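Good morning, everyone, and thank you for making time for this short talk. Please have a look at the chain on the screen, and then I will walk you through some parts of it.

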Amino acid sequence: MSLISIKDIYLLIGLVVAILVVLTLRDKQHPKRFTTALFWGLFGSLFLFGDLAVNTLGAKLAHQIAGAMVIGIALLAGMGRVSLGSYQETTPAQKEHSAKQLGNQLFLPALLIPLLTVAATLLLAGVNFGDVLLLDPKHQTLAALALACSIALLLGWRLTGDSPLKAVAESRRLVDSIGWAAILPQMLAMLGGVFVVAQTGDSIKALVSLFIDPSNRFGLVVIYCVGMALFTMIMGNAFAAFPVMTAGIALPFLIEGQGASPAPLMAIGMYSGYCGTLMTPMAANFNIVPAALLDLDDKYQVIKVQIPTALALLTTNILLMYFIVFD
């Protein structure tokens, strides 16, 4: 038993999303308030009622309902039914005054989150109060992250003097600015698991065999590295692309067929996937969220700036793999 468990974190996420749904429904000037509220309501319900559904309806039926809800979320996003609402924003003059008043203290809450997460993970593991652990032993990093975010939020309230409701209202504005892309990491991670179960790697292996000579080492290296980048661009997550591309190309052709050293091969393969992360809006947490945080006019500006670096790194990864991973 733990004081901060993964179930508690899920409930906290669900409650925050539920508040955002209520605020959206109360926004009479929102052009798509009902469908936007439905989108976030479906998403938040998965966190709030997931365990309850499994315990009351059984795992199979609960999973089917969750799947239907995910399809509903995808349809609402795909049909353009999720949009921005109206917000009580401060004027540019007020923002400038607040920035001058607070100065670099503005960055303290954001900087505290990673620092406290690492510190709590390293220092608070195993800390208990009698029979109750402070952090969930199976999810220590997530529990530490939740604790760090809570402390950073309290500090933000202290620095700005605003109310908790203001923080929630700003959360709604930020989430609406990001839109459906905010939940892409969860969706794409789930999709990666589906691809593994569907043995997509075997299909990729058969496809590569049709077009590339198994003795063409350089061609296989290019296919693997570029494939990792492209599949990551589609998936939005190199970790989701890695098992599929490694099972389909790296393992049968490069390791077993060409005798490549597994550790450096797979490390460079992951680096190639990260090159794809730099070039895709599907990696919303890396590329779309910063654009929203910085209020950039072009939400793809971050990606456009990163593309030359990504292509240069991808080329370097191909050359490194070809010259150093083979005996």
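Predicted model: local features only at pLDDT ≥ 70, side-chain atom pairs only at ≥ 80, totals over all residues.

Residues are numbered from 1 along each chain as its sequence is written, and side-chain values use heavy atoms, with hydrogens and water left out.

The chain has 14 helices and three strands, where helices (H or I, at least four residues) and strands (E, at least two) are DSSP runs numbered from the N terminus. Taken along the principal axes, the C-alpha atoms fill a box of roughly 65 × 50 × 45 Å. Of the 327 residues, 35% count as buried, and here buried means under 20% relative accessible area, exposed means over 50%, and partly exposed is in between, with a 1.4 Å probe and protein chains only. If we take contacts between residues at least 6 apart in sequence, 73% of them join residues at least 24 apart, a contact being heavy atoms within 4.5 Å.

Let us turn to helices H2 and H3. How do H2 and H3 run relative to each other? The axes of H2 and H3, the latter being residues 59-78, come within 9 Å and cross at roughly 170 degrees; these axes are lines fitted to C-alpha atoms, for helices over the stretch in contact, and the angles run from 0 to 180 degrees between N-to-C directions. The two helices are therefore roughly antiparallel, since angles over 145 degrees count as roughly antiparallel, under 35 as roughly parallel, 65 to 115 as roughly perpendicular and the rest as oblique. Among the residues of H2 that meet H3 are Leu38, Phe39, Phe43 and Val54, and the H3 side includes Ala62, Ile65 and Met69.

Ala62, which has its place in H3, counts as buried because its relative accessibility is 7%. Leaving aside neighbours within four places in sequence, Ala62 is in contact with Ala53 and Val54. Ala62 and Gly50 are twelve residues apart in sequence, and their C-alpha atoms are 7.5 Å apart in space.

Now to the aromatic rings. A search of the whole structure finds eight aromatic pairs, where rings of Phe, Tyr and Trp (its six-membered ring) pair if their centres lie within 6.5 Å, and planes under 30 degrees apart count as stacked, over 60 as edge-to-face and the rest as tilted. The rings of Phe43 and Phe47 have centres 5.1 Å apart and planes at 75 degrees, so this pair is edge-to-face. Both residues lie in H2 (residues 33-57), four residues apart, or about one turn of the helix, and both are buried. Ring pairs also link Tyr10, Phe39, Trp40, Phe43 and Phe47 into a cluster.

Helix H5 lets us check a length. Its 16 residues, 108-123, should span 22 Å at 1.5 Å a residue, and the end C-alpha atoms are 21 Å apart, which agrees; the expected span is 1.5 Å times one less than the number of residues. The buried residues of H5, namely Pro109, Thr117 and Ala120, pack against strand E3 (132-135) and helix H6 (140-160).

I will finish with two residues further along. Tyr322, in helix H14 (residues 301-324), is partly exposed, with a relative accessible area of 30%, and touches Arg217, Phe218 and Val221, not counting residues up to four places away in sequence. Gly259, found in the loop between helix H11 (238-255) and helix H12 (262-277), counts as partly exposed at 32% relative accessibility.
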